[in-house]
Amino acid sequence: MPLLPPSGPARRLALMALAVCVLSVAAAVVAFVQGSFVGIVWILLAGISSNMAWFYLRRAKLERAGQSG
(Lines give C-alpha, C1' and ligand atoms only; values in the text may rest on other atoms or scores of the structure.)
Protein backbone atom coordinates (compact mmCIF):
# COMPACT_ATOMS: atom_id res chain seq x y z
CA MET A 1 0.00 0.00 0.00
CA PRO A 2 1.51 3.37 -0.97
CA LEU A 3 2.14 5.94 1.74
CA LEU A 4 0.46 8.74 -0.19
CA PRO A 5 -2.87 8.57 -1.98
CA PRO A 6 -3.06 9.19 -5.73
CA SER A 7 -2.51 12.75 -6.81
CA GLY A 8 -5.39 15.11 -6.30
CA PRO A 9 -6.17 18.35 -4.53
CA ALA A 10 -6.08 16.84 -1.03
CA ARG A 11 -2.68 15.26 -1.63
CA ARG A 12 -1.24 18.51 -2.96
CA LEU A 13 -2.57 20.41 0.04
CA ALA A 14 -1.10 17.81 2.39
CA LEU A 15 2.31 18.05 0.76
CA MET A 16 2.25 21.85 0.90
CA ALA A 17 1.27 21.77 4.58
CA LEU A 18 4.09 19.32 5.25
CA ALA A 19 6.56 21.62 3.50
CA VAL A 20 5.36 24.56 5.61
CA CYS A 21 5.77 22.42 8.71
CA VAL A 22 9.36 21.49 7.87
CA LEU A 23 10.29 25.06 6.98
CA SER A 24 8.73 26.47 10.15
CA VAL A 25 10.63 23.97 12.30
CA ALA A 26 13.85 25.02 10.58
CA ALA A 27 12.98 28.69 11.16
CA ALA A 28 12.26 27.97 14.82
CA VAL A 29 15.64 26.28 15.25
CA VAL A 30 17.41 29.23 13.66
CA ALA A 31 15.46 31.70 15.80
CA PHE A 32 16.24 29.86 19.04
CA VAL A 33 19.93 29.51 18.12
CA GLN A 34 20.07 33.27 17.60
CA GLY A 35 18.47 33.77 21.02
CA SER A 36 15.13 35.06 19.74
CA PHE A 37 11.83 34.05 21.28
CA VAL A 38 10.10 34.52 17.93
CA GLY A 39 10.80 30.82 17.53
CA ILE A 40 7.72 30.19 19.66
CA VAL A 41 5.57 31.57 16.84
CA TRP A 42 7.32 29.27 14.37
CA ILE A 43 6.67 26.28 16.64
CA LEU A 44 2.97 27.16 16.76
CA LEU A 45 2.89 27.44 12.97
CA ALA A 46 4.58 24.04 12.71
CA GLY A 47 1.90 22.51 14.92
CA ILE A 48 -0.94 23.96 12.89
CA SER A 49 0.57 22.93 9.56
CA SER A 50 1.29 19.44 10.88
CA ASN A 51 -2.36 19.04 11.84
CA MET A 52 -3.41 20.31 8.42
CA ALA A 53 -1.15 17.78 6.70
CA TRP A 54 -2.65 14.89 8.69
CA PHE A 55 -6.17 16.16 8.00
CA TYR A 56 -5.66 16.38 4.24
CA LEU A 57 -3.93 12.99 4.06
CA ARG A 58 -6.83 11.40 5.96
CA ARG A 59 -9.33 13.22 3.76
CA ALA A 60 -7.64 11.94 0.59
CA LYS A 61 -7.57 8.41 2.01
CA LEU A 62 -11.29 8.52 2.83
CA GLU A 63 -12.11 9.91 -0.63
CA ARG A 64 -10.15 7.10 -2.25
CA ALA A 65 -11.90 4.50 -0.07
CA GLY A 66 -15.30 6.00 -0.96
CA GLN A 67 -14.56 5.83 -4.68
CA SER A 68 -13.39 2.21 -4.62
CA GLY A 69 -16.20 0.75 -2.63
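Reader: How many helices and strands does the secondary structure of the chain come to?

Author: This is a predicted model, and in it the secondary structure of the chain comes to 2 helices and 0 strands.

Reader: And where does Ser 24 lie?

Author: Ser 24 lies in helix H1, which covers residues 9-33, and Cys 21 has its place in helix H1 too.

Reader: Is Ser 24 buried or exposed?

Author: Ser 24 counts as buried, because its relative accessibility is 1% and the cut-off for buried is under 20%.

Reader: What lies 2.9 Å from the backbone oxygen of Cys 21?

Author: That is a polar atom belonging to the side chain of Ser 24.

Reader: Which residues does Ser 24 touch, leaving out those up to four places away in sequence?

Author: With those neighbours left out, Ser 24 touches Trp 42, Leu 45, Ala 46 and Ser 49, while Cys 21, counted in that way, touches Ala 46, Ser 49 and Ser 50.

Reader: Changing topic, what percentage of the residues in the chain is buried?

Author: Of the 69 residues in the chain, 22% are buried, and the chain exposes about 5200 Å², of which carbon and sulfur atoms supply 72%.

Reader: And what about contacts between residues at least 24 apart?

Author: They make up 57% of the contacts in the chain that join residues at least 6 apart in sequence.

Conventions
Residues numbered from 1 in each chain as written. Predicted model: local features only at pLDDT ≥ 70, side-chain atom pairs only at ≥ 80, totals over all residues. Heavy atoms only, no water. Helix = DSSP H or I, 4+ residues; strand = E, 2+ residues; numbered from the N terminus. Buried < 20%, exposed > 50% of the residue type's maximum accessible area, 1.4 Å probe, protein only. Polar contact = N/O pair within 3.5 Å; in protein donor to acceptor, adjacent residues only side chain to side chain. Contact = heavy atoms within 4.5 Å. Areas by Shrake-Rupley, 256 points an atom, 1.4 Å probe, with all protein chains shown as cover.
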